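Let's take a walk through this structure together, one piece at a time. Have a look at it first, and then we'll pick a spot to start.

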Amino acid sequence: MAITDKIYLKNHRQIVSQLDVNIPKGAFKGATMDVLYSGEGLTKVDDATRDRLLDFAEDFLDPENPDDLYTGYPERQFVRYLLELRAQGLGPDAIVDVMGDEYMLYAYPGDVLSFLDNAVRTLEAAETLAEVEGNQEMERKMHRARQALSG
């Protein structure tokens, strides 16, 4: 299961109440994104919620090519965001706090830790493959990325 399947709307019940329509808790579920980021959905929520939803839309739902929106673009952008937060030295608890503050999203710290651990293991494998292939430049790149995530 992808980490984006484990990212949820903070204050889900409050948002559903304001919208007067039931939507899934998952932030990256199609129905959630359709309702929340339509013009009508944004007009029904309070100002603080609207501001954070607009920040989310701007940062994750605004590809150069509009067709990319339906090819996993938001999920890839969000994964990049999580990896950047980790590279800044934040741990799983702090990452969850930042997501909540910036976008009104939450996740369980254990899910974030598992995602980060898998990312480190993937980079470790890519580093080993680059070494086997004799690609020193790629090996160094993977090593630096792994070190940034490992802390």
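Start with Ile15, which touches Lys10, Ile23, Leu36, Val45, Thr49 and Met104 if you skip residues up to four places away in sequence; touching, or contact, means heavy atoms within 4.5 Å. Before going on, know that this is a predicted model, where local features need pLDDT of at least 70 and side-chain atom pairs count only at pLDDT 80 or more, while totals for chains, interfaces and linings use all residues. Residues are numbered from 1 along each chain as its sequence is written, and side-chain values use heavy atoms, leaving out hydrogens and water.

Ile15 sits in helix H1 (residues 12-19); helices here are DSSP runs of H or I with at least four residues, numbered from the N terminus. Is Ile15 buried or exposed? With 1% relative accessibility, Ile15 counts as buried, a word that means under 20% relative accessible area, with exposed being over 50% and partly exposed in between (1.4 Å probe, protein chains only). Ile15 is also 8.7 Å from Asp46, C-alpha to C-alpha, though 31 residues separate them in sequence.

Asp46 takes us to helix H4, because its side chain caps the N-terminal end of H4, with an oxygen 3.1 Å from the backbone nitrogen of Ala48 (a polar contact is a pair of N or O atoms within 3.5 Å; within protein, one must be able to donate a hydrogen and the other to accept it, and residues adjacent in sequence count only if both atoms are side-chain atoms). In H4, Thr49, Leu53, Phe56, Ala57 and Phe60 are buried. Seen down the axis of H4, these buried residues fall within an arc of 95°, so they line one face of the helix; the arc is that of the directions from the helix axis to the C-beta atoms. On the other side of H4, Asp47 and Glu58 are exposed.Now follow Phe56, which touches Phe28, Tyr37, Leu61, Phe78, Tyr103 and Leu105, again skipping residues up to four places away in sequence. Phe56 is also among the residues with the most contacts inside the largest nonpolar core, which has 33 residues. Such a core is a set of buried Ala, Val, Leu, Ile, Met, Phe, Trp, Tyr and Cys residues joined through side-chain atoms within 4.5 Å. In soluble globular proteins, nonpolar side chains tend to be buried together.

Definitions and conventions: Helices (H or I, at least four residues) and strands (E, at least two) are DSSP runs, numbered from the N terminus.
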